[in-house]
Amino acid sequence: MKILADKIRPQKLSDVIGQTHLIGNGKILTNLINNHKIFSMIFYGKPGIGKTSIANAIVNELNVKYKFMNATINNKNDFDIAIEEAKINGDMVLIVDEIHRMNKDKQDLLLPYIENGTIILIGLTTSNPYHKINPAIRSRCQIFELHELTTDDIVSGLKKASNYLENIEICDEVFDYIANLASGDLRFAINLLEMAYYSSSDNQINLELIKSINSKPVFFHDKDADGHYDVLSALQKSIRGSDVDASIHYLARLIEAEDLDSIYRRLSVIAYEDIGMANPGIGPKVMAAISAAELVGLPEARIPLGQIVVEMALSPKSNSSHLALDEALNDIRKGSTGNVPSHIKTSSKEYLYPHNYPNSWVKQDYLPNNLLGRQYYKPKNNKVELNLNKLHEEMKK
């Protein structure tokens, strides 16, 4: 009863679908295999994009001792046994799925053995390791983000999987439809293909059969373009353009596709890129709405998300803060830096402490000498920024 997705799991890196930024001629992971060397690392990315497949291909190609474990299922005793096996063998690759859920006891147990090379850890997670994984583990691993698979990647994987299903009859239109349904999840696509195959009486897989198994509509993908990103772009541009109805429309399309992660990321960017200083409180409000949506899940998640998108669309807009930073970054990248002024260096006796002066302000220079007078921040014409700028000028007077 082994499922097709497991039967065809890649045995070497060249069989992996996508992830061409890491795999291929001259790329990092391929070079490691060619040099017969492996280090502790963490792969993170959305479900079904190849984390387990890459880990499996690495240990198979290197022909090393390995053990596959899950941070939530395997207990501390299981990890003790793995460590003892590693000691006997001299070393071992330990593949840990859901590594962001590994508790402190298991982490403390593994740390010294990762440190001395007895355990080579390959962690797999759908969560951002910079937020979810203990810094002690993180500092001992190289972290690689896996990119979302494109529709073409999914179609390629489906066609490869179909070769393992005898006498299957399926056309490109159906491959495209399944790929669009999958939203970047190759495992989901292969599982749907296999179920359709065994659900048919004549090995013919058509659109009607797929729709009878999975009725989720395909809203934002199309055959010749990456429509997913078009809808995300339309959401941002509608909010930026203060069109509340269009903003709600594109949010609805993303919610109907159950793509909450993309919604969260994009709203977080919009709060600071497009609204910014015109409504500085919007960032925390967006995070509160995301937390509420995560807590209740769908379908109720649509309620806090709908409210925050309406507020974002109706809010005044400003990009002054991120334009200021971009200008400063541009100066730095062109070599316009200069030395930190001596009076604001660490423990300088010449430093004038602003809190000791009226209105917490005292005239002294902070920019390097070669940048004195450089103005990065240019306030936009909105109530919040104008008021802040007015207060700032009055404070200096």
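**A salt bridge to start with**

The side chains of Arg 265 and Glu 148 come together in a salt bridge, at 3.5 Å from N to O. Arg 265 sits in helix 14 (residues 260–275) and Glu 148 in the loop between strand 5 (142–145) and helix 8 (151–162), so this pair ties together parts that are 117 residues apart in sequence. Keep in mind that you're looking at a predicted model.

**More on the charged pairs**

- Side chains of opposite charge can pair when their charged atoms come close.
- Arg 265 counts as partly exposed because its relative accessibility is 43%.
- Glu 148 is partly exposed too, with a value of 25%.
- Another salt bridge joins the side chains of Asp 172 and Lys 159, at 3.4 Å from N to O.
- That pair links distant parts of the chain: Asp 172 belongs to helix 9 (residues 172–182) and Lys 159 to helix 8, 13 residues apart.
- Asp 172 comes out as partly exposed at 46% relative accessibility, and Lys 159 is partly exposed with a relative accessible area of 35%.
- There's a network as well: salt bridges that share partners join Lys 46, Glu 148, Asp 259 and Arg 265.
- Asp 80 and Lys 76 also meet through their side chains, in a salt bridge of 4.0 Å from N to O.
- Both Asp 80 and Lys 76 lie in helix 4 (residues 76–89), 4 residues apart, which is about one turn of the helix.
- Asp 80 is partly exposed, at 27% relative accessible area, and Lys 76 is partly exposed at 38%.
- How many salt bridges does a search of the whole structure find? The count is 17.

**Helix 3 and what covers it**

- Helix 3 runs over residues 51–62, which makes 12 residues.
- From its first C-alpha to its last, helix 3 reaches 17 Å, close to the 16 Å expected at 1.5 Å a residue.
- Is helix 3 mostly covered or mostly uncovered? It's mostly covered, with 10 of its 12 residues buried.
- Among the buried residues of helix 3 are Lys 51, Thr 52, Ile 54, Ala 57 and Leu 62.
- The cover over those buried residues includes helix 2 (28–34) and strand 1 (41–44), along with strand 2 (66–70), strand 3 (92–97) and strand 4 (119–125).

**A nonpolar patch**

- Val 64, Tyr 66 and Phe 68 make a nonpolar surface patch of about 260 Å².
- Tyr 66 is part of strand 2, and it is partly exposed, with a relative accessible area of 42%.

**Aromatic pairs**

- The structure has 2 aromatic pairs.
- In one of them, the ring centres of Tyr 197 and Tyr 198 are 4.9 Å apart and the planes sit at 85°, so the pair is edge-to-face.
- Tyr 197 counts as buried because its relative accessibility is 9%, and the cut-off is under 20%.
- Tyr 198 counts as exposed because its 57% is over the 50% cut-off.

**The protein as a whole**

- The protein has 397 residues, and 43% of them count as buried.
- Its secondary structure comes to 18 helices and 7 strands.
- Along its principal axes, the C-alpha trace spans about 85 × 60 × 40 Å.
- Of the contacts between residues at least 6 apart in sequence, 73% join residues at least 24 apart.
- The protein exposes about 21900 Å², and carbon and sulfur atoms supply 50% of that area.

Methods. Residues are numbered from 1 along each chain as its sequence is written. This is a predicted model: local features need pLDDT of at least 70, side-chain atom pairs count only at pLDDT 80 or more; totals for chains, interfaces and linings use all residues. Side-chain values use heavy atoms; hydrogens and water are left out. Helices (H or I, at least four residues) and strands (E, at least two) are DSSP runs, numbered from the N terminus. The expected span of a helix is 1.5 Å times one less than its number of residues. Buried means under 20% relative accessible area, exposed over 50%, partly exposed in between (1.4 Å probe, protein chains only). Contact means heavy atoms within 4.5 Å. Patches are made of residues with over 30% relative accessible area and no salt bridge: like charges are joined within 9 Å, nonpolar side chains (Val, Leu, Ile, Met, Phe, Trp, Tyr) within 5 Å. Accessible areas come from the Shrake-Rupley method with a 1.4 Å probe; for residues, only the protein chains shown count as cover. Rings of Phe, Tyr and Trp (its six-membered ring) pair if their centres lie within 6.5 Å; planes under 30 degrees apart count as stacked, over 60 as edge-to-face and the rest as tilted.
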